[in-house]
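Trainee: Please take me inside this model for a close look at one part. I would like to see what lies under the surface, step by step.

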Amino acid sequence: MNSDDKKNSKSPPYPEKRFPAIGACGLDCGLCPRYYTDGPSRCPGCAGPDFSNKHPTCSYITCCVKRKHHEVCAECPDFPCSKFKSPEEYRLMKESSSYPSCKKIIPNLICIKEHGIDAFIDLQKKRIELLREMIDNFNDGRSKSFYCRVSSFFDVVLLRNSIDKAHRQIEAETIDTSDIKKRAKILKNILNEIALKEGMEI
């Protein structure tokens, strides 16, 4: 077999998913810092454009998307299979600030299983819109990962109210729109106070 034959015999890349903003495994790819990174290190989301070159192996995508033609594992009759840890194990896992929270994997997939992928994506789009607003208006260069995690864990109404409260405080204190550090500090204080009150781990 010559080199061209070997090249053509390789398995084709992953088919692109309809919703790369949600991982086949349940990760919130659309709420990940690397999803909002500029340049070649940007992640296109789960099985998004050029995903196979950036992430050549993923057992979840191979099984769920490529073999079974599902969008996420929640659509598989075998979910949850042996690939998944228990909710308690995910809760205790050490997490990176550069990736989505593993704590949301099982809750996300259960939500999809109970309500369908389209309903979940509608809700996630609202989270993404709120995240973009925080990144565009309150990012001091050090807060993107924090905003991504908050967008994953906060109820969307609570998150919307928090952003609105920050805007009101900024206006009341006549803080200049260019003073991004003060703007970020105000929003982060509001979000941290709510997280502490609600017992959220962010």
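**Under the surface**

Mentor: Start with C64. C64 is buried, with a relative accessible area of 3%. Keep in mind that this is a predicted model.

Now look for bonds between cysteines. Searching the whole structure turns up zero disulfides. C64 is therefore in none: the nearest cysteine sulfur belongs to C73 and lies 4.2 Å away, whereas a disulfide needs two sulfurs within 2.5 Å.

The closest cysteine sulfur to that of C102 is in C25, 7.9 Å away. So the two sulfurs are too far apart for a bond.

The largest pocket holds about 550 Å³. Its lining has 28 residues, and the closest to the centre are C25, L27, C29, Y99 and P100. By type, the lining of this pocket splits into 18 nonpolar, six polar and four charged residues.

The largest cavity has about 40 Å³ of space. Y99 and P100 turn up again here, as part of its lining. Other residues in that lining include L31, P33, S97 and S101. S145, C148, R149 and S152 belong to the lining as well. Sort the cavity lining by type and you get five nonpolar, four polar and one charged. R149 is that charged residue, because Arg counts as charged.

E133 is found in helix 6, which runs over residues 117-138. Is E133 buried or exposed? E133 is buried, since its relative accessible area is 18%, and buried means under 20%.

What does E133 touch, leaving aside neighbours within four places in sequence? E133 is in contact with F138, R160, I163 and H167. Take H167 from that list. The side chains of E133 and H167 are joined by a polar contact of 3.3 Å.

Go from buried C64 to C102 and C25.

Methods: Residues numbered from 1 in each chain as written. Predicted model: local features only at pLDDT ≥ 70, side-chain atom pairs only at ≥ 80, totals over all residues. Heavy atoms only, no water. Buried < 20%, exposed > 50% of the residue type's maximum accessible area, 1.4 Å probe, protein only. 1 Å grid on protein atoms, 1.4 Å probe; cavity = no way out; pocket = protein on both sides within 12 Å on 5 of 7 lines; lining within 4 Å. Points joined across faces, edges and corners; volume = space filled by probe spheres on them. Helix = DSSP H or I, 4+ residues; strand = E, 2+ residues; numbered from the N terminus. Polar contact = N/O pair within 3.5 Å; in protein donor to acceptor, adjacent residues only side chain to side chain. Contact = heavy atoms within 4.5 Å.
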